[in-house]
Amino acid sequence: MGKILLKNIEVQGIRSDILVEGQYIRNVAPAAEMTVIHEGAEVVDCTGKVALPGFINMHTHAGMSMMRGVGEDMAFHEWLASIWEIEKDIDGEYIYHATRMACLEMIKTGTTLFNDQYWHTPMAYKAVTEMGIRAALSYVICDRNDPETSEIQKVECRKLYEESKSWSDTVVFVVSVHAIYSVSESMILWARDFARENGLKIHIHVSETEKEVKDCMEQHGGMSPVEYLDSLGLLGPDVIAAHTIWLSDKDIEILGKRGVTCVHNINSNLKLASGYRFRYNELRDAGANVCIGTDGCGSSNNLDMLEAMKTSAMVQKAWRNDPAAMPVKELFQMSSANGAKALGLNLGEIREGALADIIIIDTDNYHFMSPASFEANLIYSAHSDCVDSVICNGRFVMKNRVVSAEREILDQAKKHLNNIL
């Protein structure tokens, strides 16, 4: 097993040494006090740097990384129709290169795990494992109320799940239900049963737009999407609900009571004018597990979690007229530990025994020349280029801002983008 010793690195305000052995953090101790034997370790002097758990992007579509700028200045449902038209022409090869490029961007911006919902999953898996980061990859159920498609997707989902049993332990299989407007009720029920029979998480878009809510209430006897899904027995602590922007008090009560994970995707919601009044305080207080995501590049244009954290906090403060809304310590929980909780993984903290997903922040620059806390400077002042190095599953996937094969990844992605264009 490989060893890495990070010396003189700040952990929660304390100058420390971190020993990584194999997949795990073996020891964290004040600098020069480490007693664990570390012969044979790769020693890295991290003076002036800070260790954080890797960011966890809890809702994205990695294969859309080459769709930035497609459908600009469109409302959500018009935009979605244009995306579906483009997706008719993409294949597994395209997804492979797009996902590699997405992983490259996420590594460079400090993300070590992403929860994905997109097509051609085996090719996405190939890209993720080559890039060395973690992912929750899914089979996406989207039958559009067509019985023939439903039957095909049941077979495909079962097959992919069986294949996933031989996947790397850095990749988790998830069942995705696209949304209530694109999946028949019978398939929602099938997905619910299939996921729970096999102990799988369920990933679904919920209450992303006002139109989605109004249409649902017209079609389902006045029930909101949250009420409708609850009536189907779908909601529970195994459910990851993306967006959850348009919520009533009753919706929030249900989501909290069921222990659902709600993922805030502020940049996507703002850009598509889907909404901005994400009811973070109420969801948190009701008992929901709240996380942050970027959504896909087709709507958010990037996969930068640090940007998403900043925008989330600033919009929350603005619409509530409360500068104390969404404080920095909670932002860090939302961007890492809460995602680990949602996926049931031993991640999200720098502590002995946790899986070794660590990002190293370089503070020797003007962004951190401030009396503010490190956390505040990182979120409100710095940009993601302060992410100096990234360790995932006990291995460096970026060191000193260098990612292996970066030029080749970009060149291949450009070639496949030109083919689509």
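**Close-up views of the predicted model**

**View 1. Helix H4 (residues 147–164) packs against helix H5 (residues 185–197) at an angle of about 15 degrees, the two axes lying 11 Å apart.** Helices (H or I, at least four residues) and strands (E, at least two) are DSSP runs, numbered from the N terminus. Axes are lines fitted to C-alpha atoms, for helices over the stretch in contact, and angles run from 0 to 180 degrees between N-to-C directions. H4 is therefore roughly parallel to H5, a term for angles under 35 degrees. The crossing of H4 and H5 is right-handed, meaning that the near helix is turned clockwise from the far one by less than a right angle. H4 contributes Ser150, Gln153, Lys154, Cys157, Arg158 and Tyr161 to the contact, and H5 contributes Met187, Trp190 and Phe194; contact means heavy atoms within 4.5 Å. This is a predicted model, in which local features need pLDDT of at least 70 and side-chain atom pairs count only at pLDDT 80 or more, while totals for chains, interfaces and linings use all residues. Residues are numbered from 1 along each chain as its sequence is written, and side-chain values use heavy atoms, with hydrogens and water left out.

**View 2. Eight strands form an open sheet with parallel pairing, in the order E6-E7-E8-E9-E10-E11-E12-E13.** Two strands pair if DSSP finds at least two bridges between them. Strand E6 (55–60) and E13 are the edge strands, each pairing on one side only. From one strand to the next, the twist averages 25 degrees. Helix H13 (residues 328–343) packs on the sheet and touches E6, strand E7 (111–116), strand E8 (134–141), E10, E11, E12 and E13. The direction of H13 makes about 115 degrees with that of E13.

**View 3. Strands E9 (residues 171–177) and E10 (residues 201–206) pair in the parallel sense over four bridges.** Val174 has Lys201 of E10 as its bridge partner.

**View 4. Strand E12 (residues 261–264) is covered on both faces.** Thr261 and Val263 on one side, and Cys262 and His264 on the other, are all buried, that is, under 20% relative accessible area (1.4 Å probe, protein chains only). Three bridges join E12 in the parallel sense to strand E11 (residues 239–243), with Ile240 opposite Thr261. The chain passes from E11 through helix H8 (residues 249–258) to E12 in a right-handed β-α-β crossover; with the strands pointing away from the viewer, such a path from the first strand over the helix to the second runs clockwise. E12 also runs parallel to strand E13 (residues 289–292), joined by four bridges, and Thr261 stands opposite Asn289 in E13.

Definitions and conventions:
Buried means under 20% relative accessible area, exposed over 50%, partly exposed in between (1.4 Å probe, protein chains only). Angles under 35 degrees count as roughly parallel, over 145 as roughly antiparallel, 65 to 115 as roughly perpendicular and the rest as oblique.
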